Amino acid sequence: MNRTTLSLIAGVTALAAVTGFAAVSSPDAGATDEPARAAAHLPVERTSLLCPQPSTSDLAETTYTSFTPVTEGTKNEGKAELRPTAEAPEPDGKGDEEAGGGEGEKGDEEAGDGEEKDGESGKDGKDGRGGKDVLKPGEPGKPVTGDTSGGEAPALIGTAEGRFAPGWTVQQTTEVAAGTGRGLHGVACTPADTEFWFPGASTGEDRTDYVHLTNPDDSAAVVDVELYGKDGALKTTVGEGITVRPHSAEPVLLSTLTEEKQTDVTVHVVVRSGRVGAAVQALDDKLGGDWLPASADPSGSLVLPGIPEDATAVRLVAFTPRDADADLTVRLASPSGLITPAGHETLHVKGGMTAAVDLGDITRGEPGSLVLTAPDGSVPVVAAVRVLRGKGEKQESAFIPAARPVGDRATAVDNTAKGTTLAVTAPEGTAEVRVTASAGTKGGTPASKTYTVKSGTTQNIEVPAPSGVKGTYALTVEPESGTPVYASRTLAATEGGVPFFTVQPLPDDRGTVAVPEAREDLSVLQKQR
């Protein structure tokens with residue numbers, strides 16, 4: 001497989017590292033004496049995503065779905081690929097010496113040669129082990145899938161260029177039929193970064209939580225993993241200076257970092273050198289499991305969107321990295337507006353300590369989103385909730401972190417005609433939101449519809465089902481009124497009477513980048529680099 005690396009113009013290198021590469025063109029001749037113009041928003045030309053190792057269970061069945069929304073202004077050419085990390089370590093941190101060699105090298109050379117059938121590459125693509133392709137994207141506007149099974153599937157490093165880059169979205173969804181953490185594990189693959197917060201993790205007796213670290217770069221990354229419990233920082237033994245080798249992944253079992261057993265722990269991942277992707281996989285002996293995505297950056301105002309209407313228990317976990325305490329105002333954005341839950345009006349969070357509270361069945365049969373506010377926004381916090389559905393021995397858990405706003409556009413993939421719920425909340429004012437359902441992986445016609453979400457409410461959107469849809473499809477959310485909105489998507493299925501489910505927030509897809517207009521043609525510099 002060709003892995004062409006785009007040259008980056010020096011003036012936008014730092015920005016491109018986060019959002020992708022945006023082309024810069026020269027203005028008309030004679031314009032050099034004009035005042036500086038506003039930055040233009042151009043489609044990114046390159047982006048990357050990282051997917052953690054999906055599971056170590058032999059019963060795991062994983063589906064990868066890739067989708068790029070159609071974006072105006074993109075070039076005709078481009079490609080996207082998902083390739084395995086060079087090494088897929090076992091959960092004890094030891095690498096697989098055979099990963100990426102032998103047959104995998106052959107698979108890499110032949111990537112893209114297979115014929116794609118019905119827009120779904122899972123049957124023709126490779127499963128990602130030993131350097132093989134996972135899937136081969138067909139064209140923007142149409143999702144494709146790839147499948148793998150068992151507990152040996154590695155973490156993945158993905159790169160999209162040209163017309164596939166703007167808004168590229170990849171989801172991995174794993175079903176584990178039985179055992180610790182059984183259930184539906186869903187996670188959106190994310191860009192690399194240098195800092196992550198995960199409130200809601202645990203080192204308790206019933207939990208087996210891993211923080212998965214994936215390094216996409218040619219040099220090693222050095223990472224510190226800090227743990228904070230109800231009384232402050234936990235004493236850790238090997239949490240500092242963890243080396244993640246180039247193009248490799250490192251699952252770190254949290255209980256090996258400390259001897260303290262605590263139900264509620266906040267994990268802080270700090271990268272000393274390099275960058276990584278990070279996600280926490282929370283596995284419970286009795287309550288199933290799911291991925292815990294990173295919380296939005298510490299802030300004095302947070303939104304946790306899309307708590308399912310049939311949630312039987314909700315546990316809120318919050319943390320502030322400051323020395324000062326915070327008394328968070330807790331409100332629920334319900335379908336009728338913002339309400340204060342009786343008995344849970346505030347949550348006191350001590351500086352540097354993890355706080356938690358059980359909110360019970362706070363939604364009471366209606367969809368809702370939590371809105372947390374610190375007085376005057378003066379103390380930044382991070383937060384997440386663990387949500388339970390079902391009763392008795394047939395309970396299942398999932399996590400919803402504080403989310404970033406949808407921004408210009410956000411996408412969720414791997415949706416089905418049944419079992420998909422899109423929740424949208426507008427805590428600051430009435431919003432107009434356009435929702436587009438793509439064609440399916442095996443056919444169908446896209447459909448779009450605009451919805452009004454009233455101020456302070458959460459609405460479960462009745463998504464516009466694609467006509468004649470076959471397979472799974474993508475949902476793209478685009479705010480049209482300028483009012484900030486937050487969204488999440490829930491996938492649900494019932495297996496053996498257990499309500500499997502997983503929830504993913506929908507942050508901005510970083511499909512465009514603001515680029516100041518150049519005063520001279522920089523294409524020469526691009527060719528020289």
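Colleague: What is the mean pLDDT of the protein, and what share of its residues reach 70 or more?

Modeller: The mean pLDDT is 84, and 81% of the residues reach 70 or more. Residues 87–130 fall below 50, although this stretch has 92 contacts in the model beyond near neighbours in sequence. Residues 524–529 also stay under 50, with six contacts beyond four places in sequence. Where pLDDT is low, the predicted coordinates should not be read in detail.

Colleague: How many helices and strands are there in the protein?

Modeller: The protein has three helices and 35 strands. Of its 529 residues, 55% are buried. Its accessible surface is about 22,000 Å², and carbon and sulfur atoms hold 46% of that.

Colleague: Let's turn to sheets. In what order do the strands of the open sheet of four come?

Modeller: The order is β5-β3-β7-β8, and the pairing is antiparallel. To find the edges, look for strands that pair on one side only: here they are β5 (144–149) and β8 (183–188). From one strand to the next, the twist averages 15°.

Colleague: How many bridges join β3 to β7?

Modeller: Eight bridges join β3 (residues 60–67) to β7 (residues 169–176), and the two strands run antiparallel. You can pick out a facing pair there: threonine 62 is opposite threonine 174 of β7.

Colleague: Threonine 65 is also in β3. Is threonine 65 buried or exposed?

Modeller: Threonine 65 is buried, since its relative accessible area is 0%. Leaving aside neighbours within four places in sequence, its contacts include Leu135, Val144, Val170 and Asp414.

Colleague: Which strands form the open sheet of three?

Modeller: That sheet runs β2-β6-β4, with antiparallel pairing. Its edges are β2 and β4 (78–84); each has a single partner strand, so one side of each lacks a neighbour in the sheet. The twist in this sheet averages 10° from one strand to the next. Seven bridges link β4 with β6 (residues 156–162) in the antiparallel sense, and glycine 78 sits opposite glycine 162 of β6.

Colleague: Now for the cysteines. How many disulfides does a search of the whole structure find?

Modeller: A disulfide is a covalent bond between the sulfur atoms of two cysteines. The search of the whole structure finds one. The bond joins cysteine 51 to cysteine 189, with 2.0 Å from S to S. The angle about the S-S bond is 110°, and the link of cysteine 51 and cysteine 189 is right-handed. Cysteine 51 belongs to β2 (residues 46–51) and cysteine 189 to the loop between β8 and β9 (195–201), so the pair ties together parts 138 residues apart in sequence.

Colleague: Are cysteine 51 and cysteine 189 buried or exposed?

Modeller: Cysteine 51 counts as buried because its relative accessibility is 0%. Cysteine 189 counts as buried too, at 7%.

Colleague: How many residues of β34 are buried?

Modeller: Eight of the eight residues in β34 (residues 498–505) are buried.

Colleague: Which strand pairs with β34 over eight bridges?

Modeller: That is β33 (residues 486–495), in the antiparallel sense. Within this pairing, phenylalanine 501 of β34 is the bridge partner of alanine 492. The hairpin of β33 and β34 has two residues between the strands, and glycine 496 takes a positive phi near 60° there.

Colleague: One last residue, please. Where is alanine 324 found?

Modeller: Alanine 324 is in the loop between β19 (313–319) and β20 (326–334). With a relative accessibility of 39%, alanine 324 counts as partly exposed. Setting aside neighbours within four places in sequence, alanine 324 is in contact with Gly351 and Val379. Alanine 324 and glycine 352 lie 28 residues apart in sequence and 8.2 Å apart in space, C-alpha to C-alpha.

How values were computed. Residues numbered from 1 in each chain as written. Predicted model: local features only at pLDDT ≥ 70, side-chain atom pairs only at ≥ 80, totals over all residues. Heavy atoms only, no water. Pairing = 2+ DSSP bridges. Axes fitted to C-alpha atoms, helices over the stretch in contact; angles between N-to-C directions. Disulfide = S-S within 2.5 Å. Buried < 20%, exposed > 50% of the residue type's maximum accessible area, 1.4 Å probe, protein only. Contact = heavy atoms within 4.5 Å. pLDDT = per-residue confidence, 0-100. Areas by Shrake-Rupley, 256 points an atom, 1.4 Å probe, with all protein chains shown as cover.
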